[in-house]
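Take a look at the structure first, then read on.

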Amino acid sequence: MTTQTLTAAAFEQTVLDNDIVLVDFWASWCGPCRTFGPIFEKASANHTDIVFGKVDTEAEQTLASAAGITSIPTLMAFRDGILVFSQPGALPAASLEQVIAGVRALDMDDLRSQAAAAQAEPSEADESGALEPESDDPPAPTAPASTTS
């Protein structure tokens, strides 16, 4: 399968309707994007069961902004509609293959359980949304409320 152009109108449905979707956020003026493009295209030919989408950040500025793109190229990987990988920079072919293998190997039931736990207790999630390790330390004591008569 060749890569397909993703627009704001089709992005969400593409991610939700396919098992694995890799998205390359790029621009024509970006040198590293032009280096990564052929690598991404070749991988799409080798992995026909995966959707390879490209988002032109110049034409789809609102989509790029909504996706939090601050550097290009940025590669995002979605599995079962869940963002499982996001990294800026032009990956060499071997690294892209590692990402693909890693996405395929994910235990999605475990990932969904972790996501549900993070949503149930948002105070335990750091800014990136990942769970922090639980501490065995007791909670810090709080000062007693002052009472005035």
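## A strand pair

Strands β2 (residues 20–26) and β4 (residues 74–79) pair in the antiparallel sense, over 6 bridges. Two strands pair if DSSP finds at least two bridges between them. Strands (E, at least two residues) and helices (H or I, at least four) are DSSP runs, numbered from the N terminus. F25 has T74 of β4 as its bridge partner.

Helix α2 (residues 31–46) packs on the sheet. The helix touches β2, β3 (51–56) and β4, and its direction makes about 155° with that of β3. Axes are lines fitted to C-alpha atoms, for helices over the stretch in contact; angles run from 0 to 180 degrees between N-to-C directions. Contact means heavy atoms within 4.5 Å.

## The whole sheet

The open sheet has 5 strands in the order β1-β3-β2-β4-β5, with mixed pairing. Its edge strands, β1 (4–5) and β5 (82–88), each pair on one side only.

## Around L96

L96 lies in helix α4 (residues 93–105). L96 counts as buried because its relative accessibility is 0%. Buried means under 20% relative accessible area, exposed over 50%, partly exposed in between (1.4 Å probe, protein chains only).

Not counting residues up to four places away in sequence, L96 touches L22, F36, I39, F40, A43, L75 and L91. L96 and L75 are 21 residues apart in sequence, and 9.3 Å apart in space, C-alpha to C-alpha.

## Model and confidence

This is a predicted model: local features need pLDDT of at least 70, side-chain atom pairs count only at pLDDT 80 or more, and totals for chains, interfaces and linings use all residues. Residues are numbered from 1 along each chain as its sequence is written, and side-chain values use heavy atoms, with hydrogens and water left out.

The predictor's confidence in each residue, pLDDT, runs from 0 to 100. The chain's mean pLDDT is 86, and 81% of its residues reach 70 or more. Over residues 128–149 the pLDDT is below 50; beyond near neighbours in sequence, this stretch has 10 contacts in the model.
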